[in-house]
Amino acid sequence: MPQPRSPVTADDLRNLAARYNITIKPGPEEDAYLLLLQSAEALHRIIRDTTDYVHPDLAPVPTRAPRGFRRLSSAENPLNAWSHVSNITAANPINTLLAGRTVVVKDNVSVAGLPTTLGIPAWLHSKAGEYQPSPIDATVVRRLFFAGATLKGTAVCESYSAAPVSFTSATGAVHNPWARGHTAGGSSSGCAALIGQRAVLKESGSAINGPHQGSPTVELAVGGDQGGSIRVPAAYTGVYGLKPTHGLVPYTGAVSLTPMIDHLGPMATKIEDIALMLKVMAGYDGLDSRMTPESPMPGQVKDYPSLVADFIKSAKSTTLQKPVMKVGVLREAFDFPGLSAEVRDTVLQNAKAYFSAAGADILEVSVPMHREAPAIWTVAARTSLADYGLAMKPPGYLSYAPDHIDTQWPPTQEMYDYLSAGNPTIMNLIFSTDYLRETFGTSVEFKGHRKVFELRAAYDAVLSDVDVLITPTVPTVAFEFPSSTKGGTEWGDIGERVTAAVGLSYNTCPFNVTGHPAMNVPCGLGGSDGKKLPIGMQVIGKRWDDEAVLKAAALFEMGRDGL
């Protein structure tokens, strides 16, 4: 049977060579390279045309009722925080750890039967111009289902899941539940706003923005964090938000920005719920290459709720030897451009008062390299964001990426115009990645990776003397949307939107590259003009000692509440 003619021609080969200013001589030399190119094309076409494979460990969990979802009206979604609403419960849970509890996941986490929008319009999300339903349940989603949780839907995430503010999503601005028209932070903006509603009710007894008739509520959330995208919005909305140790919670089934800094973690109003969710979500899944030999097998995950409960009981005992914990105030984290006196002083004063009241020693420590850390994060990770988060390139090691997302690439004028108006950070990533690699090659990027090891060692050194470090999470309380984004219906100029995001991840992004666990802890309230706005304190622990972070948060609560 004659073989079909290859679509690859000698002109294709010549054009490819010309990109590198190479000339291939006609004749045997050209014929040989043409045959090799045609073979490569034929192999790719064979795999393209075969049936796809859904790994059984990611297959949709059987549910009590058929899966469905809907979009809410604006009246039902006053914070604009819900992406898709559902009500999904596993038909046969394995345990009851989350029985009767409701959860929402960030809209970059795959839920079978639901779209995963990434906060971008359908024409950017798929070359077909439509949102496609996910064929899989992400590992963490399956674990939530197997623990008995009810998935209430997906929460809005910022454009490409790459913004620390809450006004870049294709569906418009997400409002802070404490003050309408103020940022909820990003990129897990919807998760933070929905959980933050519960914090508002706890503080004031009513929804600050008025009752929301018919608006769904939810108790727990799963956010994603590459530079602070759990902790930043948690700080602005007054909730707990944990970025676990890198490799503790599998990222399989969530859309990557770049593997070195990808994290999924829990968000809630109670530290006990953070511990419970971590117990459910953590553990090796056999699919995520971000995980290491230090990642526990599912049956060996620490019992974080018991560890926290036992610690609280011991800390309250009058016979327990003091100090119950050593807390290090990281000097360099309290002195950087943009840090407000209100946030600085509240975190320092409350940390000293409440930790001391609960029997902890609190001392100042120094990591001079912390001042370099944002630059190290940028050089080590940011240029690869365009490769993985935008162009969706494979990472070079075995991975499982869901097939229902096929983002627009390469950039077009239409893409540029849209993103310049909405999230200029994305176009900056594209331009700067090409320029920096053409100018510096990859040597500086690799040096950035080596500097990460140095930075990790610097934090490890000081953490050998204290149990945890504390910093402000973000530099200010929640700020108003830029004037051109009021109501989430208008699009601002580039400078206004970029300026709003500058410096927000100064204290959070370092621990994405080093992998240390870090959590926002509600620390107090600030604000002006009659508005109460949360202030966040970040607690950082040794890698694989996430329980120390949880214990420190519980200790802070004990001191605040008078034991």
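Which backbone oxygen does the side chain of Lys106 reach? The side chain reaches the backbone oxygen of Gly224, at 3.3 Å, within the limit for a polar contact (a pair of N or O atoms within 3.5 Å; within protein, one must be able to donate a hydrogen and the other to accept it, and residues adjacent in sequence count only if both atoms are side-chain atoms).

## Basis of the model

The structure is a predicted model, in which local features need pLDDT of at least 70 and side-chain atom pairs count only at pLDDT 80 or more, while totals for chains, interfaces and linings use all residues. Residues are numbered from 1 along each chain as its sequence is written, and side-chain values use heavy atoms, with hydrogens and water left out.

## Lys106, a buried lysine

Lys106 belongs to strand S2, residues 102-106. Helices (H or I, at least four residues) and strands (E, at least two) are DSSP runs, numbered from the N terminus. Lys106 is buried and has no salt bridge. Buried denotes under 20% relative accessible area, exposed over 50%, and partly exposed in between (1.4 Å probe, protein chains only). A salt bridge requires a side-chain nitrogen of Lys or Arg within 4 Å of a carboxyl oxygen of Asp or Glu.

The nearest side chain of opposite charge is that of Asp225, 7.9 Å away; Lys and Arg count as positive and Asp and Glu as negative, whereas His and the chain ends are not counted. Not counting residues up to four places away in sequence, Lys106 touches Ala155, Cys157, Ser161, Ser187, Ser188, Cys191, Val222, Gly223, Gly224 and Ser229, where contact means heavy atoms within 4.5 Å.

## Salt bridges

Side chains of opposite charge can pair when their charged atoms come close. The whole structure holds 22 salt bridges. One of them joins Arg14 to Asp11, with the closest N and O atoms 2.8 Å apart. These two residues are separated by about one helical turn because they lie 3 residues apart in helix H1, residues 10-19. Arg14 is partly exposed at 39% relative accessible area, and Asp11 is partly exposed at 45%.

A second example is formed by Arg290 and Asp288, at 2.7 Å from N to O. Here Arg290 is buried at 14% relative accessible area, and Asp288 is buried at 5%. Lys393 and Asp387 also meet in a salt bridge, at 3.8 Å from N to O; Lys393 is partly exposed at 47%, whereas Asp387 is buried at 13%. Salt bridges with shared partners join Asp387, Lys393, Arg437 and Glu445 into one network.

## Nonpolar cores

A nonpolar core is a set of buried Ala, Val, Leu, Ile, Met, Phe, Trp, Tyr and Cys residues joined through side-chain atoms within 4.5 Å. The largest has 155 residues, of which Leu144, Phe355, Met519, Met537 and Leu555 touch the most other members. Helix H16, residues 546-560, gives the most to this core, with 9 residues. Another core, of 6 residues, lies apart from the largest one and includes Val8, Leu13, Ala17 and Ile24.

Leu555 touches Phe311, Ala315, Val324, Met325, Tyr354, Phe355, Ala358 and Ala360, not counting residues up to four places away in sequence.

## Pro244 in a loop

Pro244 is located in the loop between strand S7 (240-243) and strand S8 (264-268), and is buried at 1% relative accessible area. Beyond its neighbours within four places in sequence, Pro244 is in contact with Val249, His263, Leu264, Gly265, Leu278, Gly515, His516, Pro517 and Asp546. Pro244 and Ala282 are 38 residues apart in sequence, and their C-alpha atoms are 9.0 Å apart in space.
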